[in-house]
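Subject: Handing over the structure

Hi,

Here is the structure I promised you, with the sequence alongside. Have a look at it, and then read on for what turned up.

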Amino acid sequence: MRKTVGMASVTLLALSVMMAGCGSSNGNNGNSGTTGNSEVKETSGNTASTSNTPAGNAGGEEPAKHDPVTLKYTFWGSPNEKKVQEAAIKSFTEKYPWIKVNTLHIPESYTTKLTTMASSNQMPDIGLLNGDVALEWASQGRIYNIMDFLANDPDVSVNDILPNTMYYWEEGKLAGVNGALEAFALFYNKEAFTDAGLPLPPTKADEAYTWEQFVETAQKLTLDQKGRNALDPDFDPKSIKQFGVTMPLWAYMNGVTSNGGQFVNEEGTEFKLADPEAAEAIQQWADLINKYHVAPSPTQSKNIPSGANALSSRKVAMTLDGQWSLVDLGAAKKLNFGIGVTPVMKSKATMTLGEPIVIFKDTKHPEEAWMLYKWMMNPENTLELQTSGLWMPVLKKWYENADLVAKWAAGNPAHPDGYQDAVMRNAFDNGFPNTSYYVKNLSKINSIIDPALEQVWLGKTTAQEALTKIKPQVEKELKGVYTER
């Protein structure tokens, strides 16, 4: 389902420009990226600035005088993401001083809190929203069609935007464009590989680990308290000090798609995870935990730090995760990390995802909300989020133009050698969209799937048994799929 590469419209010529211009440079879901304090705090947009380049205005030259306008912008994210978004908004209010922007950072239970705000008529004007929720709310008339703004804008058109960053709920009806593009890759501690006498993981998709090679590598990197790896006949799986790999189990579609499986059929009327190809892939992910003992179980994961801390502490040697991990990896001063391309089961695949920014129908200032929308879409105004590794741009030219690529994807700690092949080019060539882009009623469907898969991850049942059992229940909740354009 939806295996077409979302960025295929960016031409091969563009890729060759990147390779020539940048090849030698020194270079998550629900509420992905939500970390830190759970306090919801509204602040004025008048905070520190980082940007000097305007994104343009919504209708050419502004008149000399404007009535004052106040917008509310809601979002989630880490402390660093909060800081940079507020800085971008500060520079926006400096460019357009008659517009005041109050930011509301909601790091946890985002959709729940927005729903509460809606019931009390306190909705924001503009903000991030989870993709499946955005499509549902758009179909209910609660969100503006972004195509209406793009159709009349002199500065940006739909053709400037990466296709895999857009959430359409009907033909020609766009709920929103991602705040950022994200893709999956393999991140690792270089010292763990050196100590094990292993070559570093490949960065090019054509040279990616087969699944068997990936499992064997993870076995050699998994160590018990006496230093024996998981291939040693005396290895103790109950006393592991370093796991070979960890991965977010909700991202199992990376394996399913690589193995030739699907989530639902093209019409969204049949549950396909119970098919042999999909169930086999999920079982192979579970086998990393329960058969090979190279990945932590959900229970064990509670005692393992995440991201950069897992790698730097040598609790884990590799992580299969989203590229947003780079913001922490690049900032970890004592970690010598590298980037590899995602392993392959049957075909090359990496899941691309992201959550859209939307304009809520409750706003009394849609034109000014669109001005802020464009501002946040332009990497010139949020460049620290790109260079930090947290975000990838959503505008095509930031992948096509070698100078623009060099601005964010090279020469900084978050984008070491191998990044452009392992993440950026793999996403271009082998990316497929997360289910949130197209499956209707996804939250209800996942509420059935997730508990079933939890039993698989815990080794209490097989993937085939669990998925076959819930297939009738899931199919009662299938409502079809959204359009792709």
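This is a predicted model: local features need pLDDT of at least 70, side-chain atom pairs count only at pLDDT 80 or more; totals for chains, interfaces and linings use all residues.

Most residues other than glycine have a negative phi. Asn-121 is not a glycine, yet its phi is positive, at about 55°. Is Asn-121 buried or exposed? Its relative accessible area is 71%, so Asn-121 is exposed.

Ser-109 is another non-glycine residue with a positive phi, this one near 50°. You'll find Ser-109 in the loop between β3 (99–105) and α3 (110–119). With 42% relative accessibility, Ser-109 counts as partly exposed.

While you're looking at loops, Gly-172 sits in the one between β5 (166–170) and β6 (173–178). Gly-172 is partly exposed as well, at 33% relative accessibility. From Gly-172 to Ile-146 it is 26 residues along the sequence, and 9.4 Å in space between the C-alpha atoms.

Helix α18 and its surroundings

Now go to α18, which runs over residues 442–457. It has 16 residues and covers 21 Å from first C-alpha to last, close to the 22 Å expected at 1.5 Å a residue. After α18 comes Gly-459, with a positive phi near 80°.

Which residues of α18 are buried? They are Leu-442, Ile-445, Ile-448, Ile-449, Ala-452, Leu-453, Val-456 and Trp-457. Their cover includes α4 (131–139), α9 (276–290), α10 (298–301) and α19 (463–477).

On the α18 side the contact is made by Lys-444, Ile-445, Ile-448, Ile-449, Ala-452, Leu-453 and Val-456. On the α19 side it is made by Ala-463, Ala-466, Leu-467, Ile-470, Gln-473, Val-474 and Glu-477.

Apart from its neighbours within four places in sequence, Ile-470 is in contact with Phe-271, Ile-448, Ile-449 and Ala-452. Ala-452 is 18 residues from Ile-470 in sequence, and their C-alpha atoms are 7.6 Å apart.

Then there is α9. Its 15 residues should span 21 Å at 1.5 Å a residue, and the end C-alpha atoms are 20 Å apart, so the two agree. The buried residues of α9 include Ala-278, Ile-282, Trp-285 and Leu-288. The buried residues of this helix pack against α7 (211–221), α8 (253–258), β10 (316–322), α18 and α19.

Aromatic rings

How many aromatic pairs does a search of the whole structure find? The count is 21. One of them joins Trp-408 and Tyr-419 in an edge-to-face arrangement, with 6.0 Å from centre to centre and 85° between the planes. Trp-408 belongs to helix α16 (residues 402–409) and Tyr-419 to helix α17 (residues 419–430), eleven residues apart. Trp-408 counts as buried, at 0% relative accessibility, and Tyr-419 is buried with a relative accessible area of 0%.

A buried loop residue

Last stop: Thr-382, in the loop between α13 (366–377) and α14 (383–387). Why does Thr-382 count as buried? Because its relative accessibility is 0%, and buried means under 20%. Leaving out neighbours within four places in sequence, Thr-382 is in contact with Val-84, Ala-88, Met-376 and Trp-391.

Enjoy exploring!

Technical notes. Residues are numbered from 1 along each chain as its sequence is written. Side-chain values use heavy atoms; hydrogens and water are left out. Helices (H or I, at least four residues) and strands (E, at least two) are DSSP runs, numbered from the N terminus. The expected span of a helix is 1.5 Å times one less than its number of residues. Buried means under 20% relative accessible area, exposed over 50%, partly exposed in between (1.4 Å probe, protein chains only). Contact means heavy atoms within 4.5 Å. Rings of Phe, Tyr and Trp (its six-membered ring) pair if their centres lie within 6.5 Å; planes under 30 degrees apart count as stacked, over 60 as edge-to-face and the rest as tilted.
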